[in-house]
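Hello,

Here is the structure I promised to pass on to you. Have a look at it first, and then read on for what turned up in it.

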Amino acid sequence: MTPHNHAQAGDYAEAVLLPGDPLRAKWIAETFLADARCVNTVRNCLGFTGSWKGAPVSVQATGMGQPSLAIYVHELINVYDVQKLIRVGTCGGLNTKVKVRDLVIALGAATDSTIVRDAFGRYGFAPTADFDLLADAVARARERSLRHHAGNVVSSDEFYHADSLKAYAPLMQHGILGVEMEAAALYTLAARFGRKALAICTMSDCLITGEEMNADERQSSLRDMVELALDVATGA
Ligand code: HPA
């Protein structure tokens, strides 16, 4: 038990999916998992454990942004001994080759987050996905003919910029695919504690063209992403 999580030791499976939104965690548990039980309700940041194709798996909401994600991830690793952590989220598009609904499989994550940057002094740090999880996700996405891109994202602490495209321009010149708010802290914590992490995002809104997913597209593309993430998490 922690101040943020009332689950007991053993309540989480070895592999955990991490959506930001607590209601998405509930939807994933109810829609995809067999025998799902709720293991955490503190602050309504819901966590569930069940099984997928016979293998145990959990889903825990992280809230929005790196400070919030870092609390849940730190505790999942250090209190609940979770080994594999897979973020499932959305990202804003920063590259015209990424279309709305496409999956962005985050190879690496640049960030403005001080909780990541301050830990490394002049060398900085390149937060990267676990190679095996990434390779598995890419292979499965290819097999299923899901439109996908493996490359770098930026994990920003700011959703509302005065001028987003100006803020991200240098990153866009270096091929960044999209912006989200959690991957860099997830990858850094996984590296620090020797665990495996991956972030998969559906591109929900293109910052360049203004194109957005409609409600139907949102639901069906989330399904594809969650099924992919559950297969990668459990090796099913
Ligand atoms: N910024 C940050 N995170 C996001 C965005 C965005 O524009 N879209 C979806 N997640």
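This is a predicted model: local features need pLDDT of at least 70, side-chain atom pairs count only at pLDDT 80 or more; totals for chains, interfaces and linings use all residues.

With 236 residues, the rule puts a compact globule near 18 Å, and the chain has a radius of gyration of 17 Å, which agrees. Along the principal axes, the C-alpha atoms fill a box of roughly 45 × 40 × 30 Å. You will find seven helices and nine strands in the chain.

Now to the way the chain packs. Of the 236 residues, 53% count as buried. If you take contacts between residues at least 6 apart in sequence, 77% of them join residues at least 24 apart.

The largest nonpolar core has 72 residues, and Leu-17, Ile-86, Leu-198 and Ile-200 have the most contacts inside it. Helix α7 (residues 215-234) gives this core its largest share, eight residues. A second, separate core has five residues, among them Leu-94, Tyr-168, Ile-176 and Val-179.

Ile-200 is worth a click. Beyond its neighbours within four places in sequence, Ile-200 is in contact with several residues, including Ile-86, Val-88, Leu-103, Ile-105, Met-225 and Leu-228.

Is Gly-108 buried or exposed? Gly-108 has a relative accessible area of 5%, so it is buried, and it lies in strand β6 (residues 103-111). Leaving out residues up to four places away in sequence, Gly-108 touches Pro-127, Thr-128, Gly-151, Asn-152, Val-153 and Tyr-187. Ser-155 is 47 residues from Gly-108 in sequence, while their C-alpha atoms are 9.7 Å apart in space.

Gly-175 is the other one, and you can find it in the loop between α5 (164-172) and β8 (178-180). Gly-175 counts as partly exposed because its relative accessibility is 36%, a value in between the cut-offs of 20% for buried and 50% for exposed. The C-alpha atoms of Gly-175 and Lys-53 are separated by 37 Å, and these residues are 122 apart along the chain.

Enjoy exploring!

Best wishes

How values were computed
Residues are numbered from 1 along each chain as its sequence is written. Side-chain values use heavy atoms; hydrogens and water are left out. Helices (H or I, at least four residues) and strands (E, at least two) are DSSP runs, numbered from the N terminus. The radius of gyration is taken over C-alpha atoms; the globule rule is 2.2 Å times the number of residues to the power 0.38. Buried means under 20% relative accessible area, exposed over 50%, partly exposed in between (1.4 Å probe, protein chains only). Contact means heavy atoms within 4.5 Å. A nonpolar core is a set of buried Ala, Val, Leu, Ile, Met, Phe, Trp, Tyr and Cys residues joined through side-chain atoms within 4.5 Å.
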